[in-house]
Amino acid sequence: MFSPTGMSRRARVLLIGLIAFTGILSCIIVLAYNDYFLLGDPVNPNNDDVKYIQSSRLLLNEGVLAYNTKERPSAFIMPGMPFMLAGFMAIFGQDQGGVIAFRIFQCLEQALSVYLIFWIGRRLFNTRVGLIASIISALYLPDYFSSGVILSETTFRTLLLLLVCVTILALERNRTSLYILIGVLTAAAAYFKPHASLYPAVFLVLWWRDKLPWRLALKYMFLIVIVYAALLTPWWIRNWVTFHEFILFTNSGGSPFLLGTRIHGQLPPAGFFEAHPQYDPETLFKGSDSTAIQKGLDVISYGFKHEPLKYLYWFTLGRWVELYFHPFYSRPIWPITRPVMNVLQIALMLVNMAGIVWALVKCSFSRLLPLWLAIAYFTVIYLPFVAFNRYGYPNMALLILFGSYLIERLLARYSGSDRLEARRSSSL
């Protein structure tokens, strides 16, 4: 299904070279920099990465899944990251061995992602677009930072790319096994980031476009939901047994919703605390339960009432900027400093956006619909919540495809290959 058939030898060699280059360079970087990539303090865990390491050790030694609660069980995060990291620690040791092995695994995921990006680009555009996108990905330094950091972004990006690939194949082949695989991949992604759970809803649009019989559509959606539910059931049972309540994903959903109301980290508009004396500036943005959701709703309501344009921008275009115009690059890799990477990220995004416009004008919207819907879904899903570069990073692989399409069209015009193809067509 994923084999690159019909490619020239030159293109095949280039693709293999890019995959090998990405894998080898990723390994060199993570081994050379090692714990330079840690964002928190291992002794006093104060960031997600060191907290994941702490949670994984506790899971191995005590059989308890906890996060932010010392040794008490919690449902603050999804269990995907602690379980995966604990698996590497069980085999390679709980100190450096397990963490290094996990980083090497992420290097392999980065190499695989280069191929998946090529595959999507080739299927939806052409081979040259796929190769250009692979080259950009192989040179994109945030990918190498992502290989070294102990976070879920690399794994989630790989799952996202696989979801898009299988979506394209499922639409082409209408095989039951492919829709079962969609359910598996969606559940796997949800174990890292629960907002992936509604991704199968994009099929409702795609099936409507393809005029798929409703009985067949119901069958496929039923299979996806059943497989997804079966794979999430162990998490639901654990939460019911541990906390005596049904917890669909986590009980920390209010926190990202509340934090998402902060515009560039600022407090609500002047007068908010007078209108809501029950809140305090020091404690307003603390909490992760239902009270956090109510706080967020109060901030949004007051903000739209008193500063409507500012809040409208923040929850639309502002979210796009926060997600995609700031690179996921917290630990610079020599010789590219963070300020330089900031400029490169903006330049890349401008090319990507120009490519989006060009594709809307020149390409079949229907043909690219799986790509449009994936980007739209994984952007819109963040609108109600806190949005920053770490969350936007997985989508960059999809956005790069549009920038690559623009570059390919410009190169084709410059080299005259478009005119040559036009003459060949007219002579037939």
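Analyst: One definition first: buried means under 20% relative accessible area, exposed means over 50%, and partly exposed lies in between. Note too that this is a predicted model.

User: Is Asn 68 buried, partly exposed or exposed?

Analyst: Asn 68 sits in the loop between helix 2 (48–62) and helix 3 (80–92). Its relative accessible area is 45%. The cut-offs are 20% and 50%, so Asn 68 is partly exposed.

User: What is the phi of Asn 174 near?

Analyst: Asn 174 lies in the loop between helix 7 (153–173) and helix 8 (176–190). Most residues other than glycine have a negative phi. Asn 174 has a positive one, near 50°.

User: Which side chain of opposite charge is nearest to Glu 109?

Analyst: Glu 109 is in helix 4 (residues 96–124). It touches Thr 154, Thr 155 and Thr 158, not counting residues up to four places away in sequence. Glu 109 is buried yet has no salt bridge. At 8.6 Å, the nearest side chain of opposite charge is Arg 157.

User: How far apart are the end C-alpha atoms of helix 18?

Analyst: Helix 18 (residues 389–415) has 27 residues. At 1.5 Å a residue, helix 18 should span 39 Å. The computed distance agrees with that: 36 Å.

Methods: Residues numbered from 1 in each chain as written. Predicted model: local features only at pLDDT ≥ 70, side-chain atom pairs only at ≥ 80, totals over all residues. Heavy atoms only, no water. Helix = DSSP H or I, 4+ residues; strand = E, 2+ residues; numbered from the N terminus. Buried < 20%, exposed > 50% of the residue type's maximum accessible area, 1.4 Å probe, protein only. Lys, Arg positive; Asp, Glu negative; His and termini not counted. Salt bridge = Lys/Arg side-chain N within 4 Å of Asp/Glu carboxyl O. Contact = heavy atoms within 4.5 Å. Expected span 1.5 Å × (residues − 1).
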